Amino acid sequence: RQGQIMLKLVAPAGAWELEIRLPEDRLGAVLDAQRSGDAKLAITFLSATDPGREFTAVLREVGPAAEPHEDEGTVIRLPADLDKTQLAQLHPGSDVRVRIHCGSRSLGYVLFHDLWSFVQSQILFRL
C-alpha cells in the first residue's frame, strides 16, 4: 500500500542486506514472477536519509513462513542482497520504501487488485 513502511535497512556482520517485511496478501505477485522468470527479482528502493536517490538490490529468497508483526500484521520476510558501495549516505536501521519488480500487469489489475482481494476473502469465501 502506498506510504506503508515495508522494510528497514540493517547491517549484519559481513555483507549488507535489506530485510523486507512483505504483507502476506502481496506475496502472490512475487511468487508468480519467480515462477515465470528469474528467481532473483530486481528491487529498487528509496531511503528516508536520501530521498532523491534510487538504490538497487536483488531478492535473495522468500522466507519460509508468515509471522506476526506488531505494526504491519502478518508478514513474510524477504532478504535482498545489495552492493554497500552505493550506500554512502545510508545508515543501519534507516527506513526505506521498496518496489519489487514483478513484471507488468494490466491497468485493471493494478487499480482493482485490493478490491478483488477483499471480495474474494470477505464475500466469496463465506458463501
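Colleague: How many helices and strands are there in the protein chain?
Modeller: This is a predicted model. Along the sequence, the elements follow the pattern β-β-α-β-β-β-β-β-α. The count for the protein chain is 2 helices and 7 strands.

Colleague: Which element of the protein chain has the lowest mean pLDDT, and which the highest?
Modeller: For the protein chain, the mean pLDDT is 80, and 83% of its residues reach 70 or more. Where pLDDT is low, the predicted coordinates should not be read in detail. The lowest mean among the elements, 61, belongs to strand β1 (residues 7-10), and the highest, 89, to strand β6 (residues 73-81).

Colleague: How many residues apart in sequence are the parts that R77 and E19 tie together?
Modeller: R77 and E19 form a salt bridge, with their closest N and O atoms 2.4 Å apart. R77 lies in strand β6 and E19 in strand β2 (residues 17-23), so the parts tied together are separated in sequence by 58 residues.

Colleague: Is E19 buried or partly exposed?
Modeller: Buried would require under 20% relative accessible area. E19 has 23% relative accessibility, so the residue counts as partly exposed.

Colleague: Where does D114, the salt-bridge partner of R26, lie?
Modeller: The side chains of R26 and D114 meet at 2.9 Å, N to O. R26 is in the loop between β2 and α1 (27-36), and the pair ties together parts 88 residues apart in sequence. D114 has a relative accessible area of 41%, so this residue is partly exposed. Its element is helix α2.

Colleague: Which residue forms a salt bridge with R60?
Modeller: The closest N and O atoms of this pair are 2.8 Å apart. R60 is in the loop between β4 (50-59) and β5 (66-69), and its partner is in strand β6, 21 residues apart. At 31% relative accessibility, R60 counts as partly exposed. The partner is D81.

Colleague: Which residues form the nonpolar patch on the surface?
Modeller: Together, the patch residues have about 640 Å² of accessible area. One of them, F112, lies in helix α2 (residues 107-124) and is partly exposed, with a relative accessible area of 49%. The patch is formed by L107, Y109, V110, L111, F112 and L115.

Colleague: How far from the centre of the ring of Y109 is the charged end of R105?
Modeller: Y109 is one of the residues in the nonpolar surface patch. The charged end of R105 sits over the ring of Y109, and its distance from the ring centre is 5.1 Å.

Key. Residues numbered from 1 in each chain as written. Heavy atoms only, no water. Patch = residues over 30% accessible without salt bridge, like charges linked within 9 Å, V, L, I, M, F, W, Y side chains within 5 Å. Areas by Shrake-Rupley, 256 points an atom, 1.4 Å probe, with all protein chains shown as cover. Salt bridge = Lys/Arg side-chain N within 4 Å of Asp/Glu carboxyl O. Helix = DSSP H or I, 4+ residues; strand = E, 2+ residues; numbered from the N terminus. Buried < 20%, exposed > 50% of the residue type's maximum accessible area, 1.4 Å probe, protein only. Lys NZ or Arg CZ within 6 Å of the ring centre and 35° of its normal. pLDDT = per-residue confidence, 0-100.
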